[in-house]
Amino acid sequence: MIIEIEPLDTLFFKDGKPFSMGEETWAEGIFPPYPSTIYGALRSAYFANNINELNKAKEKDDPTKDLKIKGIYLKLDDDICFPVPLDCVKDKDKDKDITYTLKLKTKNNIISSYPKYLNFLLTANEKVENVSQVFFSDIDFEKYLNGFDEFFYSELKNYLFNEPKIGITRSKDTLSTEEGKIYRVDMYRTKNLKLVVDFENLEIPQFGFLKLGGESKSARYKNINKEISVEPAKFNKYDKCFKLVLTTPAIFKENGWIPTWIDKDTLEGVIGGLKVKLISASIGKPIVIGGFDIKEKKPKPSYKAVPTGSVYYFKLLEGNVNDIVNIFHENSISEIYSEQGFGICYVGKFNMEVEE
């Protein structure tokens with residue numbers, strides 16, 4: 001089932017950093033929300049329509065236990081959009097909404113903080129800067145996956161507007177304001193922006209309402225009866241290089257940003273019958289994924305996650321190049337919370353002829 005979610009009020013999605021009233025005064029917001037937030041909203045929507053089954057939540061017979069999120073997208077105006085990968089930059093001297101991909105270059109005689117065990121750097125010939133909170137349309141995202149160089153992008157700031165909320169805490173005994181308990185929350189109002197979610201193994205009405213984010217703000221949803229799919233890169237039998245692009249954060253059990261099926265010393269690994277070698281990467285700063293367990297009334301475990309937009313460059317050592325798409329494209333590589341939609345990735349191609 002694929003639904004389109006339209007907020008009816010301001011929204012607040014908190015990052016994984018702890019917030020203790022009285023110690024901090026500013027609760028920073030994020031957008032889009034983490035997959036776990038959407039996963040929880042879908043489960044809540046089910047139980048809101050099946051209130052007699054609420055006592056089964058998180059039990060063995062939980063009717064929502066098989067819920068799986070297959071895709072999370074933004075709809076800006078009428079376009080299904082994807083986060084711009086982190087190996088895309090823009091020219092500092094140009095104001096046009098255009099990005100291009102960085103090129104691979106050998107690390108010989110280059111002084112860099114780049115991990116010493118990776119063979120290639122991602123570089124540019126001009127003065128460039130990263131872009132944040134920007135998105136490709138599905139058309140430009142497909143072009144990116146197929147190795148094109150330049151792409152147009154849309155800025156989230158044109159669809160998302162900050163409306164901070166100031167709050168206080170009152171004493172339960174006197175109803176007066178408690179000293180040091182003023183706080184600010186980053187609320188956001190959307191315009192021509194919707195969330196689109198592709199999921200399976202959960203039955204909810206074709207349209208309705210759900211609660212979303214902090215303060216359980218209202219949103220309405222509807223089944224859009226339209227399949228969303230991005231064509232993977234087109235490989236020929238001689239291609240030996242591919243890259244994986246994360247469109248949602250990924251959590252790995254060990255070795256930080258490196259999946260456990262990759263040996264951290266040799267950077268080689270085997271998955272689905274393919275033997276591959278990690279040769280380069282464009283990885284953002286880790287983010288913290290946590291949450292609060294309402295039933296257990298305690299915080300959930302916190303994990304450091306690889307952020308959305310991160311890119312892994314691989315060389316195929318053994319196996320059929322066509323299997324790359326079957327194993328990775330539009331699938332999750334997250335080792336924790338994969339069913340919640342973490343670690344969804346797409347397969348792209350790049351040229352192995354690097355600059356010397």
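**Entry 1: a pair of partly exposed residues**

I looked up glutamate 268 and found a relative accessibility of 28%, so glutamate 268 counts as partly exposed. The classes I use are buried under 20% relative accessible area, exposed over 50% and partly exposed in between, with a 1.4 Å probe and protein chains only. Lysine 275 is likewise partly exposed, at 26% relative accessibility. The side chains of glutamate 268 and lysine 275 form a salt bridge, with N to O at 3.8 Å. I take a salt bridge to be a side-chain nitrogen of Lys or Arg within 4 Å of a carboxyl oxygen of Asp or Glu. I also noted one network, in which salt bridges with shared partners join Glu4, Lys75 and Lys194.

**Entry 2: basis of the values**

I record that this is a predicted model, in which local features need pLDDT of at least 70 and side-chain atom pairs count only at pLDDT 80 or more, while totals for chains, interfaces and linings use all residues. Residues are numbered from 1 along each chain as its sequence is written, and side-chain values use heavy atoms, with hydrogens and water left out.

**Entry 3: the whole chain**

I counted 3 helices and 29 strands in the protein chain; these are DSSP runs numbered from the N terminus, helices being H or I of at least four residues and strands E of at least two. Of the 356 residues in the protein chain, 46% are buried. I looked up the accessible surface, which comes to about 19,200 Å², with 47% belonging to carbon and sulfur atoms; the areas come from the Shrake-Rupley method with a 1.4 Å probe, and for residues only the protein chains shown count as cover. Of the contacts between residues at least 6 apart in sequence, 71% join residues at least 24 apart, a contact being heavy atoms within 4.5 Å.

**Entry 4: helix α1**

I checked the length of helix α1 (residues 35-49): at 1.5 Å a residue its 15 residues should span 21 Å, and the end C-alpha atoms are 22 Å apart, which agrees. The expected span is 1.5 Å times one less than the number of residues. Buried residues of α1 include Ile38, Leu42 and Phe47. Their cover includes strands β1 (2-7), β3 (68-76), β17 (193-200) and β18 (207-212).

**Entry 5**

I found 5 of the 5 residues of strand β29 (residues 344-348) buried. Ile344, Tyr346 and Gly348 lie on one side, with Cys345 and Val347 on the other, and both faces are covered. In a regular strand the side chains alternate between the two faces of the sheet. Strand β20 (residues 241-246) pairs antiparallel with β29 over 4 bridges, where pairing requires at least two DSSP bridges between two strands. Lysine 243 stands opposite glycine 348. Strand β28 (residues 331-332) also runs antiparallel to β29, joined by 2 bridges, and asparagine 331 stands opposite cysteine 345.

**Entry 6: salt bridges around β20**

I searched the whole structure and found 15 salt bridges. One of them joins the side chains of aspartate 87 and lysine 243, at 3.0 Å from N to O. This pair links distant parts of the chain, 156 residues apart: aspartate 87 is in the loop between β4 (79-83) and β5 (88-91), and lysine 243 is in β20. Aspartate 87 is buried at 0% relative accessibility, and lysine 243 is buried with a relative accessible area of 3%.

Aspartate 239 forms a salt bridge with lysine 349, the closest N and O atoms being 3.8 Å apart. Aspartate 239 lies in the loop between β19 (217-223) and β20 and lysine 349 in the segment after β29, so the pair ties together parts 110 residues apart in sequence. Aspartate 239 is buried, at 18% relative accessible area.
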